[in-house]
Amino acid sequence: MNKYKKLAMNTMVFAIGTFGSKILVFLLNRLYTANFSAHQTGIKSLLFTMALFLQPIFTFALQEYLIRFGLDKKYDKRKVFSTSAVITIVGMVAMALVVPLLRAIPALDFLKGYTLLLIVYVTTSSLRMLCQQFVRSIDKVKLFSLDGILATLTFFIFNILFIPVLHWGIKGFMLATICSDFLSAVFLFTVGGLKKYTGIKYFSSDLVRVMMKFAVPLIPTIVMWTITSLSDRLFLKAMHSDLHQLGESAAGLYDVANVIPGLISMVSTIFFQAWNMSAITENDSADRDRFYTKVFSAYEAMMFIAAAGLIFFVKFVCSLIAVTKNYAEYGTVYLYVPVLIVAVVFMCFDQFLGSIYSATKHPRNSFWTAFVACAVNIPMNYFLIPVWGINGAAIATLLSYLICFWARIIDARYYVPFSFNYAKNMLNTVLLLVMSAVMMTEVRFHLLWAFIIGAVVIVMNFKSLLTTVNKLLKRA
């Protein structure tokens, strides 16, 4: 099977396993907004983001090195899995010792009452990730997708049971995730036949050194992205403004607003799961640069078109997930979404370009570009949130992703010099920002103006998308 057909097939498999499950999780937000106040949603958001912060540190970037070395034919897969498992277990023990100490930090006071649950939450999530990434690395993508469907169903069922039925609140949300991840890990380990890859005799200290040499520079990179997300919420929680109401309720509204751009991220994730495998396996191919050019051209067009469509329907989509019957404050969420949609588009582009660093083994470049983004995000939060409130956090996030993108599009193309249309990208960005401003300010005839701008974005990108897809299908 050639590279184009394999990428298309893997994308289809991941789409089948991801789309339905992600939509189900998306709709779960109706349950959360119906049962949690904005204040409670803020705490839930901070705990979830804290888990994302802890996981790469104490698994030593498991999601990066396991897929990288698992796909590499030079390494024994039994050694890769068993060594990764030992590293993960050691990391979880270390995390259990460190997390209770974090409660002493004033900004992390939201951990009180949830410390033990957070430790178990990260542990089960890491064990699931260990099994997930290894199943992908041995090319069992159908099993990976099936697990995605089953895990979402169990997550949905546990949420229904623990929140509206048993009224366990935030702890119910965390327990639902824990139970779902644990069952998923057991399912993947059993059905994937991972027992044959397991054994202390397969542990390799030499492989640990090789993996850590690759992964350690990536840990700060992943953590930087999480800090960007966590800092938004911490600033909204802790800062004061004469112009806007801040605090945990603002952090909660910001979290709900981030759900909508997650639809863009969902489309990207479906593609990226397949693309990341192709980027690694095709790194040494003769026509690698043309391959990247075609794929990124289609990917970029798809993201801009999807963003324009979602911005136009933002108020309708928000009404699907934000229940205002019990908590009226959710009725303003749509005002904070458009800028976040544009931000997520560039986050997806950053992720694509990051795959170049992973495939070509240049993790330090991934770090410094992410560091620049983080260095921009934190001071921008400090200056913009008191002036623009929740949208200040959204603008800070957009600026950080934009700067990272332009740093990476220049730097990453030294390693894979694929073609890129600078002017077209900038014009698309400006159009999306103008469209966002029109929808947020709700000027006279704002839907008409937004429709016209969205139509221009579609016309600009549709031909590129269609041409590239046709080429891929012909090659397939």
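A salt bridge here is a side-chain nitrogen of Lys or Arg within 4 Å of a carboxyl oxygen of Asp or Glu. By that rule the count is eight salt bridges. The model is predicted: local features need pLDDT of at least 70, side-chain atom pairs count only at pLDDT 80 or more, and totals for chains, interfaces and linings use all residues. Residues are numbered from 1 along each chain as its sequence is written, and side-chain values use heavy atoms, with hydrogens and water left out.

**Stop 1: the whole chain**

Color by pLDDT, the predictor's confidence in each residue, from 0 to 100. The protein chain has a mean pLDDT of 86, and 88% of its residues reach 70 or more. Switch to cartoon. The secondary structure comes to 18 helices and zero strands. These are DSSP runs numbered from the N terminus: helices are H or I with at least four residues, strands are E with at least two.

Select residues 262-281, helix H11. Confidence is lowest there, at a mean of 64, and highest in H7, at 96. Where pLDDT is low, the predicted coordinates should not be read in detail.

The accessible area is about 20,000 Å², and 70% of it belongs to carbon and sulfur atoms. Areas come from the Shrake-Rupley method with a 1.4 Å probe; for residues, only the protein chains shown count as cover. Of the 476 residues, 57% count as buried. Buried means under 20% relative accessible area, exposed over 50%, and partly exposed in between (1.4 Å probe, protein chains only).

Contact means heavy atoms within 4.5 Å. Among contacts between residues at least 6 apart in sequence, 82% join residues at least 24 apart.

**Stop 2: Asp255 and Lys44**

Select both side chains. They meet in a salt bridge, 3.9 Å from N to O. Asp255 lies in helix H10 (residues 248-259) and Lys44 in helix H2 (residues 38-58), so the pair ties together parts that are 211 residues apart in sequence. Asp255 and Lys44 are both buried.

**Stop 3: Arg128 and its two partners**

Select Arg128, in helix H5 (residues 115-137), with Asp147, in helix H6 (residues 141-165). Their side chains form a salt bridge at 3.0 Å, N to O. This pair ties together parts that are 19 residues apart in sequence. Asp147 is buried, as is Arg128.

Asp181 has a relative accessible area of 8% and is buried. Arg128, at 15%, counts as buried too. Elsewhere, salt bridges that share partners join Lys44, Arg233 and Asp255 into one network.

**Stop 4**

Select H5. It is mostly covered, with 19 of its 23 residues buried. The expected span of a helix is 1.5 Å times one less than its number of residues. For H5 that is 33 Å, and its end C-alpha atoms are 33 Å apart, which agrees.

Check the backbone between helices. Most residues other than glycine have a negative phi. Asp139 has a positive phi of about 70° although it is not a glycine. Asp139 lies in the loop between H5 and H6, and at 42% relative accessibility it is partly exposed. His167 is not a glycine either, yet its phi is positive, about 60°. Look for His167 in the loop between H6 and H7; it is exposed, at 63%. Just after H7, Gly193 takes a positive phi of about 65°.

**Stop 5: Thr226**

Select Thr226 in helix H9 (residues 218-238). Thr226 is buried, with a relative accessible area of 9%. Leaving aside neighbours within four places in sequence, Thr226 contacts Thr49, Leu52 and Phe53.

**Stop 6: H16**

Select residues 390-411. Helix H16 has 22 residues and should span 32 Å; its end C-alpha atoms are 32 Å apart, which agrees. Of those 22 residues, 17 are buried, so H16 is largely enclosed by the rest of the structure.

**Stop 7: a nonpolar patch**

Finish with Val443, Phe445, Leu448, Trp449, Phe451, Ile452 and Val456, which make a nonpolar surface patch of about 700 Å². Patches are made of residues with over 30% relative accessible area and no salt bridge: like charges are joined within 9 Å, nonpolar side chains (Val, Leu, Ile, Met, Phe, Trp, Tyr) within 5 Å. Val456 is in helix H18 (residues 446-475) and is partly exposed, at 37%.
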